[in-house]
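Biologist: Could you walk me through this model? I would like to go through it in questions and answers.

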Amino acid sequence: MADKQDRMPATKRPERSPESKEARAERTEPKICPECRHAFQGSGWDGIDAHWKAKHDKVMPYAEAWPMLKAGTYKAK
Ligand SMILES: [Zn+2]
């Protein structure tokens with residue numbers, strides 16, 4: 001029963017989850033700071049913590065803002 005699956009050659013396995021266009025764009029598009037429109041270079045939110053703490057910590061503490069930034073639900077005041 002399980003024997004058949006075990007012998008299936010690895011090369012014939014279907015791709016598990018082909019990357020969607022959206023997922024790819026998500027990774028390459030620069031993230032923009034909603035407070036000052038600063039574009040983060042590199043992968044994703046690299047450097048947001050230092051940036052936020054230096055510039056916008058008074059607007060909202062980073063610990064509070066980060067989950068919203070990540071989710072894209074942060075609204076600048
Ligand atoms: Zn900013």
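What follows is a conversation about the fold, the confidence and a few selected residues.

Modeller: Happy to, with two notes first. Residues are numbered from 1 along each chain as its sequence is written. This is a predicted model, in which local features need pLDDT of at least 70, side-chain atom pairs count only at pLDDT 80 or more, and totals for chains, interfaces and linings use all residues.

Biologist: In what order do the elements of the protein chain run from the N terminus on?

Modeller: Helices (H or I, at least four residues) and strands (E, at least two) are DSSP runs, numbered from the N terminus. The protein chain has 4 helices and 2 strands. From the N terminus on, their order is α-α-β-β-α-α.

Biologist: What share of the residues in the protein chain is buried?

Modeller: A residue is buried if 20 or more other C-beta atoms lie within 10 Å of its own, exposed if 12 or fewer, and partly exposed in between, with C-beta atoms placed from the backbone. Of the 77 residues in the protein chain, the buried share is 4%.

Biologist: Are α3 and α4 parallel or oblique to each other?

Modeller: Axes are lines fitted to C-alpha atoms, for helices over the stretch in contact, and angles run from 0 to 180 degrees between N-to-C directions. α3 and α4 pack with their axes 10 Å apart, at an angle of about 130°. Angles under 35 degrees count as roughly parallel, over 145 as roughly antiparallel, 65 to 115 as roughly perpendicular and the rest as oblique. The two helices, α3 and α4, are therefore oblique.

Biologist: Which residues in α4 does α3 meet?

Modeller: Residues are in contact if their C-beta atoms, placed from the backbone, lie within 7 Å. From α3, the residues taking part are I48, D49, W52 and K53, and their partners in α4 are Y62, A65 and L69.

Biologist: Is R37 buried or exposed?

Modeller: R37 sits in the loop between β1 (31-32) and β2 (39-40). Although R37 is not a glycine, its phi is positive, about 65°. Because R37 has 8 other C-beta atoms within 10 Å, it is exposed.

Biologist: How far apart are the C-alpha atoms of K75 and E35?

Modeller: K75 belongs to the segment after α4. It has 6 C-beta neighbours inside 10 Å, so K75 counts as exposed. K75 and E35 are 40 residues apart along the chain, and their C-alpha atoms are separated by 8.2 Å.

Biologist: Which residues does P30 touch, not counting those up to four places away in sequence?

Modeller: P30 is in the loop between α2 and β1. P30 counts as partly exposed because it has 13 C-beta neighbours inside 10 Å. From P30 to W45, 15 residues apart in sequence, the C-alpha to C-alpha distance is 8.1 Å. Leaving out residues up to four places away in sequence, P30 touches A39, F40 and Q41.

Definitions and conventions. Contact = placed C-beta atoms within 7 Å.
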